[in-house]
Amino acid sequence: MSLFRTSCSKDCRSWLRPVPELSRTHGEGRSSYPVTGSRTAVLVCCLLGLLIGAQSAHSAQHWDSSSVRVPVGSKVTDQGPLELVLDSTGNAVIELPTLGLHLDSLNRFAVSASSSADEVEISLAWWIVEGIELATVPLVRSGQGTYHAQLATNSDWPETIGAIALRVTGPPTTRVVLDDIRLDGSFLLNITGPFADRLRPQPLGHDSINVTSLQSDSTQRLSLIGVLSMIFLSGGLYMVFFGPGRLTRGAAPMFLLLLIWLFADSLWLYQLQYRSLNSVSLFGGLSTRDKLLASSDRRFVELADAVAPLVPDGSRLFVATQSDFGGMRAAYYLYPRNLYWKRGGPELPPAERLRSTDRILLIAPSELKLLGSGDELIKPDGEILPVKILWSDNSALLVEVLK
Amino acid sequence: MSVLAVALGYLLPCWVGVLIVARLLPPEHAPGRLPLLAGAGGLLGMMLVIAVTWAWGRAGFAYRGLPMLGAWSLIAVATTPWLRKYLQIMGTTPVSPRQASWHHRSVLAIVIMLIGVHVVLVTLDLISNPVFPWDATSAWATKARVWYALGEWVPFVEKDLWLADSKLASYTDHMPNYPIFTPLLQLWTALLLGSWDPSLVNLPWLLCFLCLLSLFYGGARMAGADVVHGAVFTFFLASLPLLNTHVAFAGYADLFMGAYWLAAVQALFWWYRFPSRASLACVLLFAAICPLVKNEGLFWAAALVPGVLMAALSRGRAYALLALGAGVAGALLWVFPRDLEVAGHSLSQLGLAFRAEAFMPILTSLFNLSSWHLLFSAFLLALVLWSRLERGNRNSLEPLLVVLLCAYGLFFVLFLFTGYAGGAVRFTAVSRITIALVPATLFWTMLVFSAWHSERSRGD
């Protein structure tokens, strides 16, 4: 049993269950309220669950001598801690394989070196493609033989990483022992990482209609919503089962929810206003046609403009392509032509179902190929269709079926 | 045609819808009746637009905005005197926010402002972006584009039928068997605009969003929630990221599905509280609309049946009948013809088998991604709160809970036992399908929070 002491001013609503005779205290006063150990224990358990959940949601990657390549300088052994010797110019490069790692959830790099490394500088470099360096971050010496870099705030990290490497510089032929090379997401960064992710403007994309996830790889770790949900549920359950009377009598569960919801929604609103203003700046004030030409569908709008006049009334149009998106968009802009497009293929129906006035629009990539002088079209199953080319550009071709 | 035409073209049907709902909806004197009538009436009005536009085309009339607007004027004029007596809005007793304490007024001001901000932002997106999402350009807006360009109704048929059609009297697209609800709304909007504007044809999505918010708030108030609970939970609904996206990035029918299912669930709630033929007719009306919006609407409408049983029978009988029904449904699966299509799907297409890999993605979609903020955590807490409510309140909320649990049961069956599991694993469909259930889930959560509040504050 412990005692909490609090001052209460006018209209005070205590967060602790008051003793009955004080439950409606409105005037100035000073009261003592008992809090049982079990309630505190439950709250601690709830928060502990939150911490464990968040902690378990992050992972770490360690490298040692057996898992790295040293193209500059030399490795002394292939097992255990990495012992290396700088080359005659005082440099060593250690390539760290990253295959299979979710680098976006790993944002703290740390190296522990032996005391012999006091005179060396270590930096972390990463490449967008092999051989082209994207960014370099010097590791900060944070103690005796320990170096680290926080990568969460670096806008280049972890964009399209091809490889990462450590560059060690110091006196020539210096022997350096790196006891531990580690890339992880610290607990704090793991919590704050999603916040930083959410503040990165993300325009509407094709996936936006299916799911809202403002993180690069939200399924691999506890998301912001996951953390907030655990806080809300912990607090809500605590209030329901052990909460002080005044608080639970009111609209406390709703206000707790509102408070946390407002926080989550502020980040969503930030994205929403970015997207809305982005849409307005892209399309605002444009005519219908200019709007379409300003969109990412411009190619298909122009394609439809070119092809539609060549499809007379009474003719059928077959849109043939292996690209689901290309076929879908081309078909959409070609309506109200009476057309056929089958998502996922086959690109064309059997040849016997085609007629002499039919048109076929081939959009790359397509399994249909023109033969010889361009007067025959061969299907993947070997069927050959006599055709006449009506129109073509770099990536599309309109033919008329001749039967 | 013009903005005025668009305004009239939706106000007139919505007015008729409001009149019909006013006829069906008890009780006449209750707070929240006006926003509830506006919301439910607006939704019904859009359904009437669909019905009239479809019938107009099927009757062989050419699609032209002005004559159709004239027809709507006649319908509105003819029905108003007949139904006006039921429109007893003036008898309501709205609670003024001024009666609330200063901190409640502050909360009200904040959430109303935030609702406004969300509505403005999604509106900016909607009126700027041309039709863009995948299925919008392969299965939904395709039909509207054709009908508008041709100025007449033509059928959309499966590809085999289309290939066999020697007269070219039919069309086909990626999903010719999808309901024509949203295409007809887009057609009607384009007719009123006088042109195919690739952004403004999506205005019905904004109207649906506004009706949904109005319906939700009105329903909350009529159910007994105070102004603050009603407004705060309406803000929760207005701020759901994926719901916002479906307005901003309009073109899919999921938003409508969620709105009509909420209307049906609310109607069930009224029928349970104020049993009458009129309120039962309201349940049946909105339940019947569900399959017309999306194919799976049939299953969401079916999920209402347990709620109807709970309301009509004693608790024990209802549960016994539900257990029997579940057993019969399970047994029917064994004898049901594998190739017979129901709601656009046959058993052979569904590929029934347990798919464990979809379980975690479903939970991730509900609890860990940003689509729903903290809705499903709030729902979990609401379940705990509900279990601790007084018996009367608990029993009154039980039918809706059973309806929700049945719907989520179907939802989990869909993604765990059918080929649609891929839509959960890849996150392509699971969140979208959830939209149908989200407004009603939030409504029930609100009812529980509100009941909890009123129980705990009693005697203060």
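I began at B:Thr182, which is found in helix H7 (residues 181–193) of chain B. Helices here are DSSP runs of H or I with at least four residues, strands are runs of E with at least two, and both are numbered from the N terminus. This is a predicted model: local features need pLDDT of at least 70, side-chain atom pairs count only at pLDDT 80 or more, and totals for chains, interfaces and linings use all residues. Residues are numbered from 1 along each chain as its sequence is written, chains are lettered from A and ligands numbered from 1 in the order in which they are written, and side-chain values use heavy atoms, with hydrogens and water left out.

**Entry: B:Thr182**

B:Thr182 is buried, with a relative accessible area of 0%. Buried means under 20% relative accessible area, exposed means over 50%, and partly exposed lies in between (1.4 Å probe, protein chains only). I then listed its contacts (heavy atoms within 4.5 Å). Leaving aside neighbours within four places in sequence, B:Thr182 touches B:Trp140, B:Trp205, B:Ala253 and B:Phe256.

**Entry: B:Ser371**

Next I went to the loop between helix H17 (359–368) and helix H18 (375–387) of chain B, where B:Ser371 is found. B:Ser371 is buried too, at a relative accessible area of 0%. Which residues does B:Ser371 touch, not counting those up to four places away in sequence? I found A:Val211 and A:Thr212 from chain A, and B:Leu240, B:Pro241, B:Leu242 and B:Ser431 from chain B.

**Entry: chain B against chain A**

That took me to the interface. I noted 87 residues of chain B in contact with 79 residues of chain A. The two chains bury about 7,400 Å² between them, 67% of it on carbon and sulfur atoms. Buried area is the accessible area (1.4 Å probe) that two parts lose on being put together, summed over both. B:Trp134, B:Leu163 and B:Leu374 supply 11% of the area that chain B buries against chain A, more than any other three residues.

I checked charges next. There is one salt bridge between chain B and chain A. B:Asp160 forms a salt bridge with A:Arg353, with the closest N and O atoms 3.4 Å apart. The term requires a side-chain nitrogen of Lys or Arg within 4 Å of a carboxyl oxygen of Asp or Glu. Helix H4 (residues 102–128) of chain B gives the largest share of the side of chain B that touches chain A, 12 residues.

**Entry: aromatic pairs**

I counted 34 aromatic pairs over all chains. Rings of Phe, Tyr and Trp (its six-membered ring) pair if their centres lie within 6.5 Å; planes under 30 degrees apart count as stacked, over 60 as edge-to-face and the rest as tilted. A:Trp261 and B:Phe236 are stacked, at 4.2 Å centre to centre and 25° between the planes. This pair crosses between chains, from helix H5 (residues 252–283) of chain A to helix H9 (residues 227–238) of chain B. A:Trp261 is buried at 0%, and B:Phe236 is buried at 0%.

B:Phe411 and B:Phe415 pair edge-to-face, at 5.2 Å centre to centre and 65° between the planes. Why are they about one helical turn apart? They are four residues apart in helix H19 (residues 391–417) of chain B.

**Entry: chain A**

Last, I looked over chain A. Its secondary structure comes to eight helices and 21 strands. Of its 403 residues, 45% count as buried.
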